[in-house]
Amino acid sequence: MRIREFESEILLPLPPETVFPFFADAKNLDAITPPWLHFRIITPQPIEMRAGTLIDYRLRLHGLPIRWRTLISDWQPPFRFVDQQVRGPYRQWIHTHTFEPRLGGTLARDVVRYCARLDFITHPLFVRRDIERIFAFRHEALRKHFYAAPAAA
């Protein structure tokens, strides 16, 4: 099983204590997920985010319907949380989110350790490209949200 890693970071203009609550609210996932994924949270809301929380989603990837369940395995507001796929399209998906004070704002970093099914075929054909497109969309959505938001007093 080949474990791959994807890293992404964005500097947001507000402190972690202001940025983290956006990520702690599961309903905001819809705003930072590309519409072409047809993403929908099916766990009843509101969802209390904490270590041990399970969240179920539905989405479509390359036209295929996918059910995805994640476990919040680590929860350390306002600096870190980890979600892990329990059921879904990957053999492994561990997504670590960190929020570090930086330059008067927050460096939001994503590190995803993943293993695609049939990796030797699927990864070069579309998995890596899909992940890059998803995070590019996410960064643009975060820029629009946080740079358009009024500055914290």
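1. Rings of Phe, Tyr and Trp (its six-membered ring) pair if their centres lie within 6.5 Å; planes under 30 degrees apart count as stacked, over 60 as edge-to-face and the rest as tilted. With that in hand, here is a cluster to look for: ring pairs connect Phe20, Phe22, Phe23, Trp75, Phe81, Phe99 and Phe146.

2. A word on what you are looking at. This is a predicted model, in which local features need pLDDT of at least 70 and side-chain atom pairs count only at pLDDT 80 or more, while totals for chains, interfaces and linings use all residues. Residues are numbered from 1 along each chain as its sequence is written, and side-chain values use heavy atoms, with hydrogens and water left out.

3. Now the sheet. Helices (H or I, at least four residues) and strands (E, at least two) are DSSP runs, numbered from the N terminus, and two strands pair if DSSP finds at least two bridges between them. Here 7 strands make an open sheet with antiparallel pairing, in the order E1-E7-E6-E5-E4-E3-E2. The edges belong to E1 and strand E2 (40-41), each with a single partner strand, so one side of each has no neighbour in the sheet.

4. Of the 12 residues of E7 (residues 105-116), 10 are buried, so the strand is largely enclosed by the rest of the structure. Buried means under 20% relative accessible area, exposed over 50%, and partly exposed in between (1.4 Å probe, protein chains only).

5. What joins E7 to its partners? Strand E1 (residues 4-12) runs antiparallel to E7 and is joined to it by 9 bridges; isoleucine 10 has alanine 108 of E7 as its bridge partner. Strand E6 (residues 90-102) is also antiparallel to E7, with 12 bridges between the two. Along this pairing, tyrosine 90 is opposite alanine 116 and glutamine 92 is opposite cysteine 115. E6 and E7 form a hairpin with 2 residues between them, and leucine 103 in the turn has a positive phi of about 50 degrees.

6. Back to the aromatic rings. The whole structure holds 15 aromatic pairs. In one of them, phenylalanine 6 and phenylalanine 135 are tilted, at 5.0 Å centre to centre with 40 degrees between the planes. This pair ties together distant parts of the chain, with phenylalanine 6 in strand E1 and phenylalanine 135 in helix H2, 129 residues apart. Phenylalanine 6 is buried at 8% relative accessibility, and phenylalanine 135 is buried at 5%.

7. Phenylalanine 22 and phenylalanine 23 form an edge-to-face pair, 5.5 Å centre to centre and 80 degrees between the planes. Phenylalanine 22 is buried, with a relative accessible area of 10%, and phenylalanine 23 counts as buried at 10%.

8. Arginine 133 lies over the face of tryptophan 36, 4.1 Å from the ring centre (a charge sits over a ring if NZ of Lys or CZ of Arg is within 6 Å of the ring centre and within 35 degrees of the ring normal).

9. How many salt bridges does a search of the whole structure find? There are 13, where a salt bridge is a side-chain nitrogen of Lys or Arg within 4 Å of a carboxyl oxygen of Asp or Glu. Glutamate 5 and arginine 113 meet in one of them, at 3.5 Å from N to O. That pair spans 108 residues, from glutamate 5 in strand E1 to arginine 113 in strand E7. Glutamate 5 is partly exposed at 36% relative accessibility, as is arginine 113 at 39%.

10. Arginine 109 and glutamate 100 form another salt bridge, with the closest N and O atoms 2.7 Å apart. Arginine 109 is partly exposed, at 21% relative accessible area, and glutamate 100 is partly exposed at 26%. A network of salt bridges links Glu9, Glu100, Arg102 and Arg109.

11. Arginine 143 is partly exposed at 37%, and glutamate 140 is partly exposed at 38%.

12. Finally, isoleucine 121 is in helix H2 (residues 119-148) and is partly exposed, with a relative accessible area of 40%.
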